[in-house]
Amino acid sequence: MRGVNAHSHSAAAAAPPAMPSLRGRLAVPAGVLAAVVGAFAYVGTVDPNQPGHYPVCPLYRLTGLYCPGCGGLRSAHAFVHGDFLAALQDNAAGVVAYLAFAVVWTVWVVRAVRGRSARIELRPVQMWSLGALVLVFTVVRNLPFGGWLHP
């Protein structure tokens, strides 16, 4: 390799990659937000309380048990229409998830604007805790005293 010495070759390899533009850094969060807004707009328009618009939960149909997502479409519909109490009654875990998404998405955008990584790494104890909360929610909503969690 003519005209290239070891020093110039290693300096080029050590150069940091160029940072994408602000538009490039915000493209993925904007796309995710557009998909979520589109889904909420559809559920807000097509009422899940009217039969025939959405399929019945297969777990509920086969067993009569409520899964953690049962009532999620009705909850999203109520949330879109500003009826937050009905949204909580239809699926309290869903409302918590909507709010958690809003917080995580906002942190993602702020970090993207600042040029930082938006990687969220949950430790095993956090993953197991989240799974345990979903399991407890599912079990309690199917017990007689958990009727207030039924959709």
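I shall go through the overall fold, then the helix contacts, and then some individual residues.

This is a predicted model, in which local features need pLDDT of at least 70, side-chain atom pairs count only at pLDDT 80 or more, and totals for chains, interfaces and linings use all residues. Residues are numbered from 1 along each chain as its sequence is written, and side-chain values use heavy atoms, with hydrogens and water left out.

Let me start with the fold. The protein has seven helices and zero strands, where helices (H or I, at least four residues) and strands (E, at least two) are DSSP runs numbered from the N terminus. Along the sequence, the pattern therefore reads α-α-α-α-α-α-α. Of the 151 residues, 20% count as buried; buried means under 20% relative accessible area, exposed over 50%, and partly exposed in between, with a 1.4 Å probe and protein chains only. Among contacts with a separation of 6 or more, 55% come from residues 24 or more positions apart, a contact being heavy atoms within 4.5 Å.

I turn to the helix pairs. Axes here are lines fitted to C-alpha atoms, for helices over the stretch in contact, and angles run from 0 to 180 degrees between N-to-C directions. Angles under 35 degrees count as roughly parallel, over 145 as roughly antiparallel, 65 to 115 as roughly perpendicular, and the rest as oblique.

Helix 2, residues 22-45, packs against helix 6, residues 92-113, at about 165°, with the axes 9 Å apart. The two are therefore roughly antiparallel. Their crossing is left-handed, which is the term when the near helix is turned anticlockwise from the far one by less than a right angle; clockwise gives right-handed. From helix 2, the residues L22, R25, L26, V28, P29, V32, L33, V36 and F40 meet Y98, F101, W105, W108, V109, A112 and V113 of helix 6. By class, this contact of helix 2 with helix 6 holds 15 nonpolar, no polar and one charged residues. For these classes, Ala, Val, Leu, Ile, Met, Phe, Trp, Tyr, Cys and Pro count as nonpolar, Asp, Glu, Lys and Arg as charged, and the others, Gly among them, as polar.

How do helix 4 and helix 6 cross, and at what angle? The axes of helix 4, residues 72-80, and helix 6 come within 9 Å and cross at roughly 55°, so helix 4 is oblique to helix 6. This crossing is right-handed. Here G72, S75, A76 and F79 of helix 4 meet V95, Y98 and L99 of helix 6, a contact with five nonpolar, two polar and no charged residues.

Which residues make up the largest nonpolar core? There are seven: V43, A76, A78, A86, A87, V95 and Y98. Such a core is a set of buried Ala, Val, Leu, Ile, Met, Phe, Trp, Tyr and Cys residues joined through side-chain atoms within 4.5 Å. Helix 4, helix 5 (84-90) and helix 6 each give two or more residues to this core. Of its members, A78 is in contact with D83, A86, A87 and D90, leaving aside neighbours within four places in sequence.

H77, in helix 4, counts as buried because its relative accessible area is 12%. Not counting residues up to four places away in sequence, H77 touches V43, G44, V46, D47, P48 and N49.

V36 and F101 are 65 residues apart along the chain, and their C-alpha atoms are separated by 9.8 Å.

A93 belongs to helix 6 and is partly exposed, at 31% relative accessibility. Its C-alpha atom is 7.5 Å from that of P68, 25 residues away along the chain.
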